[in-house]
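Here is a friendly walk through one protein model, with a few stops along the way. Have the sequence and the 3D view open as you read.

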Amino acid sequence: QALRSACADGAVADDAHHRFLGGGGGGYAADASADPCDLFHRHLAGDELYLDETSISKVVPTTLVAMMIGNLVTALVFYGLGKAKNTASVIGCIPASVVAGFLTCIGYKVIKLAVLITTGYSFKQKYIKNLGLDYWHQNDPWLPLTLAMVYGLALYAFKHMHIISTDKLILAFIFGPLILFFIMVAATGTSMEYLRETDWFLTQARDGAGCTQNCAFVFVNFWQTLQTVYGAFGSNLVAWGAVPRCIPIFIMGAVMTSLDNMLKLTSSEKALGIDLNYNHEMKLGGKATMISSFLAGSPAYGQTKFNVINLSIAGTSESSLPTLLLGGICLLVFLSGAAGNIINIMPRFLLGGLCVFAGVGFLYENLWEGRKKMNRASFAIVWIIFLVNFIWEF
């Protein structure tokens, strides 16, 4: 829109400089003399990208098709490892200290997610200064982050002390602050629009229904994504020539995801104190990922942080009821398209606080309590893995 306005005002120079995704440099891909006002301007991965309207219409369908193919490759690798019964031999080569270090990386990533949710900024060195920004309203970035940290740490502390059962504790910590928050909102007469404008809630930039910024998430029919991707097969909306270029990414992604899956299995086994059939889990993940790929979904395998939370609520790893219950709830939310409506009533600090709760346990139990269970060399390896990951990502 900015480019269009500039073009309408004659403000775009003929020698305007353009950078292409991954290519750098100036000029146009096909015609260096092309009129920049005939092209749209998009930002992607930190680079400036100029696409004509035809190309823009192909971006989403082509991306979804590439995701489906990549997930199919991942599914085949998952299932192949399990079928060949090689999972255990691969996992057996992973020392306990490396598994513990991997758990600290999970915890750190979840804490980073809490920072991103509450402040809108990634936890990186170049964004740290933004925590001190002074907004025109009172909800500066440090405020929801502080609330999330207090909330998450308090929830973990109460859980760690086993004062009350975990299921009652988590329900109380979700609904208690939520009810109190909306009582205060009602008492002050503050509107939801104002709360979204002042960053108390997660919002989207445009909802497609007239709102252009600080928009609430809207109802989405579950078949919309499928309609987009499968409808593109019968049209000219998939840039098939771009798909072969993704083959190295498909292979690398499948290998990395498979390694992550196996690490998640070992860390879940350690965190839950149970014995897992690795080959069965890999084959099961392969089947689930294959189904997910046809639904334009993501790779499907267990996540340690969710397994730990699930165990703390259910109190047992023997029953399949928690899994069935969670699957049923997720299916209902998916079919109803109500995910956005649920997010609309969850303040940033509450979502971020739940992430803090999920992540802090991995850090505390491995970076502090781990000293009681490991020798000095193994404990040092845990800290080295954590610090390398921290410095690399920060």
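Phe 181 counts as buried, because its relative accessibility of 10% falls under the 20% limit. Phe 182 is partly exposed, with a relative accessible area of 26%. Please keep in mind that this is a predicted model, here and in everything that follows.

How are the rings of Phe 181 and Phe 182 arranged? Their centres are 5.4 Å apart and their planes meet at 85°, so the pair is edge-to-face.

## Aromatic pairs and a cluster

The count of aromatic pairs comes to 20. One of them joins Tyr 108 and Phe 390, whose ring centres are 5.2 Å apart with planes at 50°, so this pair is tilted. Tyr 108 belongs to helix H4 (residues 96-119) and Phe 390 to helix H15 (residues 376-393), so the pair ties together parts that are 282 residues apart in sequence. As for accessibility, Tyr 108 is buried at 4% relative accessible area, whereas Phe 390 is partly exposed at 26%.

Both residues also belong to a cluster: ring pairs link Tyr 108, Phe 123, Trp 383, Phe 386, Phe 390 and Phe 394. Trp 383 is found in helix H15 and is partly exposed, with a relative accessibility of 32%. The C-alpha atoms of Trp 383 and Leu 367 are 6.6 Å apart in space, with the two residues 16 apart in sequence.

Does the length of helix H14 agree or disagree with what its residue count predicts? At 1.5 Å a residue, the 20 residues of H14 (residues 348-367) should span 28 Å, and the end C-alpha atoms are 28 Å apart, which agrees. Of the 20 residues in H14, 17 are buried, so the helix is largely enclosed by the rest of the structure.

## The cavity

How many cavities of 30 Å³ or more are there? The count comes to one. The largest cavity has a volume of about 50 Å³.

Which residues line the largest cavity? They are Val 115, Thr 119, Tyr 121, Ser 122, Phe 123, Lys 124, Tyr 127, Ile 128 and Leu 131. Among these, Phe 123 is also a member of the aromatic cluster described above.

## Two loops with positive phi

His 162 has a positive phi, near 55°. His 162 is placed in the loop between helix H5 (142-161) and helix H6 (166-188). With 65% relative accessibility, His 162 counts as exposed.

Ala 296 has a positive phi too, near 60°, and lies in the loop between helix H10 (278-294) and helix H11 (304-314). Ala 296 is buried, at 14% relative accessible area. Leu 295 lies in the loop between H10 and H11 as well, but is partly exposed, with a relative accessible area of 47%.

## Contacts across the sequence

Several residues bring separate stretches of the chain into view together. Leu 295 and Thr 225 are 70 residues apart in sequence, and their C-alpha atoms are 8.4 Å apart in space. Phe 334, in helix H12 (residues 321-336), is 113 residues from Asn 221 in sequence and 8.5 Å from Asn 221 in space, C-alpha to C-alpha. Phe 334 is partly exposed, with a relative accessible area of 42%.

Where is Ile 170? Ile 170 lies in helix H6 and is buried, with a relative accessible area of 9%. The C-alpha atoms of Ile 170 and Ser 312 are separated by 9.6 Å, while the two residues are 142 apart along the chain.

Conventions. Residues are numbered from 1 along each chain as its sequence is written. This is a predicted model: local features need pLDDT of at least 70, side-chain atom pairs count only at pLDDT 80 or more; totals for chains, interfaces and linings use all residues. Side-chain values use heavy atoms; hydrogens and water are left out. Helices (H or I, at least four residues) and strands (E, at least two) are DSSP runs, numbered from the N terminus. The expected span of a helix is 1.5 Å times one less than its number of residues. Buried means under 20% relative accessible area, exposed over 50%, partly exposed in between (1.4 Å probe, protein chains only). Rings of Phe, Tyr and Trp (its six-membered ring) pair if their centres lie within 6.5 Å; planes under 30 degrees apart count as stacked, over 60 as edge-to-face and the rest as tilted. On a 1 Å grid over the protein atoms alone, a cavity is a set of points where a 1.4 Å probe fits but cannot get out, and a pocket is an open set with protein on both sides within 12 Å along at least five of seven lines; lining residues have an atom within 4 Å of a point. Grid points are joined across faces, edges and corners, and a volume is the space filled by probe spheres set on the points.
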